[in-house]
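Colleague: I should like to learn how to read the features of a model such as this one. Please begin with the terms and then turn to the case at hand.

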Amino acid sequence: MGYLVGVTALWALSFSLIGVYLAGQVDSYFAVLIRVVLAMLVFLPFLRPSLLKGRLRLALMGLGAVQLGVMYIFFYQSFLLLSVPEVLLFTIFTPIYVTLIDDALFGRFTPFHLVTAALAVIGAAVIRYQGISDTFWLGFLVVQGANVCFALGQVGYRRLSSALPASLPRHSIFAWFYLGALGVALPAFFVLGSGEALPTTGMQWAVLAWLGLVASGLGYFLWNLGATRVDAGTLAIMNNALIPAGLLVNLMIWNRDADMPRLALGGAIIVFSLLVNDRWQRHRTAQAA
């Protein structure tokens, strides 16, 4: 639990740093590439290839490719379409995706999740009811792509970790996770990126260094490690603890002119959808018992 709380504090600042210093100023594919490379360099000195072989190594690389590589591509694009508070609020669906993915792995389907998702979409519309456009909904969908990737990574790492010996030092194999992400970030930059919108200020480079070495390097390792040490309910709660923390940082420091009543109303509807989903989950669990 302590790992998840600590990483939540790290990531709360990251949202605003991306929105203020990088989005629209530094090529998003370059930012993703640098962030992944720096994170990989944190763990590469500890890598012991002999500890993980064959299918398990490929599985860990695949998780990195999805949870970090593909997720970051979606995530950075969302800041070009939405404000930081909107990006934060729209990440609230991640626990629902965690549940849906877990259901899919067990061959289950719960239509009720579609009801809660619809409520959340209404909440999103309230936030921008006077300025809804195709760009807004595209941004909403892009954030959902990031959420799905993050959920896949969490569920996948929990399952992979359970198949590994408890005595295996996780920091000695985690570089494979970042190597998998690099397998996505590097070709994405060369195919879709631009060599023209590179960092031009010391602040931009400092933000990239912080995001790569600390938020990604330490952050994803500790988050995934923490995810294996708590139950699914606690993990879902911590997924959404990031939202109020990130909003607090953004609204108090960088976005004081935000439309607070509208943001609060739309956010309340989104939170209500999550509470409805959580209540349904508890009811279903009680019935199964």
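Modeller: Helices (H or I, at least four residues) and strands (E, at least two) are DSSP runs, numbered from the N terminus. This is a predicted model, in which local features need pLDDT of at least 70 and side-chain atom pairs count only at pLDDT 80 or more, while totals for chains, interfaces and linings use all residues. Residues are numbered from 1 along each chain as its sequence is written, and side-chain values use heavy atoms, with hydrogens and water left out.

Colleague: How many helices and strands are there in the protein?

Modeller: The protein has 11 helices and zero strands; along the sequence the pattern reads α-α-α-α-α-α-α-α-α-α-α.

Colleague: How is the span of a helix judged?

Modeller: The expected span is 1.5 Å times one less than the number of residues. Helix 1 (residues 2-22) has 21 residues and should therefore span 30 Å, which agrees with the 30 Å between its end C-alpha atoms. Helix 3 (residues 54-78), with 25 residues, reaches 35 Å from its first C-alpha to its last, close to the expected 36 Å.

Colleague: At which residue does helix 3 bend?

Modeller: A bend at a residue is the angle between axes fitted to the seven residues ending there and the seven starting there. Helix 3 bends by about 35° at Tyr-72.

Colleague: Is Glu-86 buried or exposed?

Modeller: Buried means under 20% relative accessible area, exposed over 50%, and partly exposed in between (1.4 Å probe, protein chains only). Glu-86, in helix 4 (residues 84-90), has 4% relative accessibility and therefore counts as buried. A polar atom of the Glu-86 side chain lies 3.0 Å from the backbone nitrogen of Ser-83.

Colleague: Why does Leu-51 count as partly exposed?

Modeller: Leu-51 counts as partly exposed because its relative accessibility is 28%. Leu-51 sits in the loop between helix 2 (28-43) and helix 3. Its C-alpha atom is 9.8 Å from that of Arg-170, 119 residues apart along the chain.

Colleague: Where is Gly-145 found?

Modeller: Gly-145 belongs to helix 7 (residues 134-162), and is buried because its relative accessible area is 15%. Gly-145 and Thr-91, 54 residues apart in sequence, have C-alpha atoms 9.9 Å apart.

Colleague: Which residues of helix 1 are buried?

Modeller: An α-helix has 3.6 residues a turn, so residues three or four places apart point the same way. The buried residues of helix 1 include Leu-4, Val-7, Thr-8, Trp-11 and Phe-15. Just after helix 1, Gly-24 takes a positive phi of about 80°. Across the protein, buried residues make up 49% of the 289 residues.

Colleague: What of Leu-192, buried or exposed?

Modeller: Leu-192, in helix 8 (residues 175-192), counts as exposed because its relative accessibility is 52%.

How values were computed:
A polar contact is a pair of N or O atoms within 3.5 Å; within protein, one must be able to donate a hydrogen and the other to accept it, and residues adjacent in sequence count only if both atoms are side-chain atoms.
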